[in-house]
Amino acid sequence: MGHLTTRDAYKSLGDRINWFTQGAPVSETLYKILQVLYSEKEAKWVALLPVRPFTVKKAAKIWQTSEYKAERLLDHLCDKALLVDSWHNGVRQFVMPPPMAGFIEFALMRTRGDIDQKYLSELYYQYMNVEEDFIKDLFYATETKLGRVFVQEPVLTNDKMNHILDYERATHIVEEAEYIGLGLCYCRHKMYHAGHPCEIDAPWDVCLTFDNVARSLAEHGDYARLISKEEALDALERSYDSNLVQIGENVREHPAFICNCCGCCCEALQAARHFSPMQPVATTNYIPEISDEKCVGCGKCAKVCPVLAISMRENGDGRKKAVLDRDICLGCGVCARNCNIKAIELKRRPEQIITPVNSTHRFVLQAIEKGTLQNLVFDNQAFANHRAMAALFSAILDLPPIKQAMASKQFKSVYLDRLLSMQSKRKKEKFT
């Protein structure tokens, strides 16, 4: 019976994780991962928590304990980076981070002795690089992507810099952040322990987190170290020098992270290689243009491309030239940075890549596309207060009509239908 009880605890936790839009496909490997990260008691506690932010008072009520004991348990879970805390109008709130970018990565963002990081890395490798169901679900289950690529700003000429939007610049994200955290690269840390060390020997200490996530990870367990804007910009420069790709949360306002990724270790870039031409992340609004006249066929751009989007082919006179596969290209600019003769220039893509405004907007889009919108609304009354409901409805009202209809069908809410109807009526009146 004890064995069954333990199994039930981790099964309930797995169900809790998969209640949210971003889940983790169930497998024996997942249960082993959860057993490393969570004790049986912790699994039982977390399985009962809402998927959206909650207070100490809410947790105490769910766990049927005092607020004092509940806060101690919540602090303990924050210390293990299984929860993240924040402050809103003087009230402390908690949330369970998603698997990615979240508790899976946090476990390897620093060296630690309380868990076997080598064993955990081997489990991660099995779960993500061998079984692959998690990766397919993470990157390809929704049209709206979890992450997006930042263009390497030093590559852009002055006339191109005039057209780049603030949210397209990693430097702007750094400048706007209240808190910035620096941690170890989870991907390279994992691959090192799993016996597949980084092929280009890229730096590890370049993982950037921002604002509440950075503060919480720094205050609880030193998973990140709070740094200055100058140190963050230095991390970007070191990443540029190592031909790393900047991938951040796919939002325009206040992204929670920017990873500096190599093609040999990063799950997103590995997915781009293995499942091309399907893109696992949103590309930049730029695309390289290779000049046949200038290209000398050195092959350096093909060698450094993180997703193998450039190949070398012989032309009519027997000389090799670089050829770009536009369907695969991320538009990161690593190739242009490495072309010493300036045969590669970044151009704006003909069609603008649409980026969600903020995390709420992205959550709603992904929930609609995955058919889980009702989970966001009815999860332990996570959106029961007017402010939270207003944010949710606001995000839905900003969607295109087709996705509004999808949301309405999933939500099956008279209130939402009326809001959409009123908005449609106002638009008609505006143009008549």
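This is a predicted model: local features need pLDDT of at least 70, side-chain atom pairs count only at pLDDT 80 or more; totals for chains, interfaces and linings use all residues.

User: How many residues are in the largest nonpolar core, and which have the most contacts inside it?
Analyst: That core has 97 residues. Leu-37, Tyr-38 and Tyr-124 have the most contacts inside it. Helix H2, residues 28–37, gives the largest share, six residues. Domain 1 (1–98) and domain 2 (136–281) each supply at least three residues.

User: What is Leu-37 in contact with, beyond its neighbours within four places in sequence?
Analyst: Glu-42, Lys-80, Leu-82, Phe-103, Ala-107, Ile-115, Leu-120 and Tyr-124.

User: What lies apart from that core?
Analyst: Another core, of 15 residues. Ala-170, Ile-173, Leu-208 and Phe-210 are among them.

User: New topic: helix H7. Which of its residues are buried?
Analyst: Gln-117, Leu-120, Ser-121, Leu-123, Tyr-124, Tyr-127, Met-128 and Asn-129.

User: And what covers them?
Analyst: The cover includes H2, helix H6 (99–106) and helix H8 (133–140). It also includes helix H11 (186–193) and helix H14 (267–274).

User: What span should H7 have?
Analyst: H7 runs over residues 117–131, which is 15 residues. At 1.5 Å a residue, it should span 21 Å. Its end C-alpha atoms are 20 Å apart, so the two values agree.

User: What happens at the start of H7?
Analyst: A side-chain oxygen of Asp-116 comes to within 3.2 Å of the backbone nitrogen of Lys-118.

User: Which residue follows H7?
Analyst: Glu-132. The phi of Glu-132 is positive, near 70°.

Note on methods:
Residues are numbered from 1 along each chain as its sequence is written. Side-chain values use heavy atoms; hydrogens and water are left out. A nonpolar core is a set of buried Ala, Val, Leu, Ile, Met, Phe, Trp, Tyr and Cys residues joined through side-chain atoms within 4.5 Å. Buried means under 20% relative accessible area, exposed over 50%, partly exposed in between (1.4 Å probe, protein chains only). Helices (H or I, at least four residues) and strands (E, at least two) are DSSP runs, numbered from the N terminus. Domain bounds come from an automatic or database domain assignment. Contact means heavy atoms within 4.5 Å. The expected span of a helix is 1.5 Å times one less than its number of residues. A polar contact is a pair of N or O atoms within 3.5 Å; within protein, one must be able to donate a hydrogen and the other to accept it, and residues adjacent in sequence count only if both atoms are side-chain atoms.
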